[in-house]
Amino acid sequence: MTLKAHRYPKNWRAIREGVRLRTNNQCAQCRAPNGEAIVRADDGRTYMLPDGQVFDAANGTPRGYARGSEYTGRLVRVVLTVAHLDHNETNNDAANLAALCQKCHLAHDRADNQRRAQATRSAKAERLNHLRGQIALPLATPRPTR
Ligand SMILES: [Zn+2]
């Protein structure tokens, strides 16, 4: 889940740098280097570094080289973020933190974000139903008398 600024611990910068250094400033999952401009393939399965090296987007395995003119995709700047592996943003234990690029971080949090969104929608619906129960609904419009 995305962290709210006020929830970061005071030493967050040091924690973040330590986590990034553990994976040599690369995504722990796809190995994309932090700050690099890469091309993500249209099918999302690979990415290419500026020197033409192509890697598997799922795990960072080298897949060879490609020419930029033969490789179609979207140019993005890799932003290495720190993910809470158990989705508990108060658990800043080193074993619970991983440096992930924005794409891998979103994928990691997708199910949790969907679950939270569903919980929010359910709570709203419940509040609305509760309010409906408190409001006296008008009875059916009486038929006009002749
Ligand atoms: Zn990644």
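**Reading strands, hairpins and burial**

Modeller: Start with strand E3 and strand E4 (residues 62–65): three bridges join them, and the two run antiparallel. Keep in mind that this is a predicted model.

Colleague: Which residue stands opposite Pro 62 in E4?

Modeller: That is Phe 55.

Colleague: How many residues lie between E3 and E4 in their hairpin, and which residue in the turn has a positive phi?

Modeller: For a hairpin, look at the link and then at the backbone angles in the turn. Five residues separate E3 from E4 here. Gly 60 in that turn has a positive phi of about 80 degrees.

Colleague: Now the other side of E3. How do E2 and E3 pair, and over how many bridges?

Modeller: In the antiparallel sense, over three bridges. E2 covers residues 46–48 and E3 covers residues 53–56. Thr 46 stands opposite Asp 56 in E3. Met 48 has Val 54 in E3 as its bridge partner.

Colleague: And the turn in the hairpin of E2 and E3: how many residues, and what is the phi of Gly 52?

Modeller: Four residues lie between the two strands. The phi of Gly 52 is positive, about 95 degrees.

Colleague: Next, E6 and E7. How many bridges join them?

Modeller: Five bridges join strand E6 (residues 80–84) to E7, and the two run antiparallel. In that pair, Ala 83 stands opposite Ala 98 in E7.

Colleague: Which residues of E7 point one way, and which the other way?

Modeller: General idea: side chains in a regular strand alternate between the two faces of the sheet. In E7, Leu 97, Ala 99 and Cys 101 point one way, while Ala 98 and Leu 100 point the other way. All of them are buried. Strand E7 (residues 97–101) is thus listed as mostly covered, with five of its five residues buried.

Colleague: Take Leu 97. Why does it count as buried?

Modeller: Count the C-beta neighbours; 20 or more within 10 Å means buried. Leu 97 has 21 of them inside 10 Å, so it counts as buried.

Colleague: What does Leu 97 touch, beyond residues up to four places away in sequence?

Modeller: Val 19, Val 82, His 84 and Asn 92. Leu 97 and Ile 15 are 82 residues apart in sequence, yet their C-alpha atoms are 9.1 Å apart in space.

Colleague: Where is Glu 17 found, and is Glu 17 buried or partly exposed?

Modeller: Glu 17 is found in helix H1 (residues 12–22). It has 13 C-beta neighbours inside 10 Å, so it counts as partly exposed.

Colleague: What is Arg 31 in contact with, leaving aside neighbours within four places in sequence?

Modeller: Arg 31 is in contact with Gln 26, Phe 55 and Gly 60. Its place is in the loop between H1 and strand E1 (37–41). With 19 C-beta neighbours inside 10 Å, Arg 31 counts as partly exposed. Arg 31 and Gly 60 are 4.9 Å apart, C-alpha to C-alpha, and 29 residues apart in sequence.

Colleague: Zoom out. What pattern does the protein follow along the sequence?

Modeller: It reads α-β-β-β-β-β-β-β-α. The radius of gyration is 24 Å, well over the 15 Å that the globule rule gives for 146 residues, so the protein is more spread out than a compact globule. The C-alpha atoms fill a box of roughly 85 × 45 × 20 Å along the principal axes.

Colleague: What share of the 146 residues counts as buried?

Modeller: 18%. For contacts with a separation of 6 or more, residues 24 or more positions apart account for 50%.

Notes. Residues are numbered from 1 along each chain as its sequence is written. This is a predicted model: local features need pLDDT of at least 70, side-chain atom pairs count only at pLDDT 80 or more; totals for chains, interfaces and linings use all residues. Two strands pair if DSSP finds at least two bridges between them. A residue is buried if 20 or more other C-beta atoms lie within 10 Å of its own, exposed if 12 or fewer, and partly exposed in between; C-beta atoms are placed from the backbone. Two residues are in contact if their C-beta atoms, placed from the backbone, lie within 7 Å. The radius of gyration is taken over C-alpha atoms; the globule rule is 2.2 Å times the number of residues to the power 0.38.
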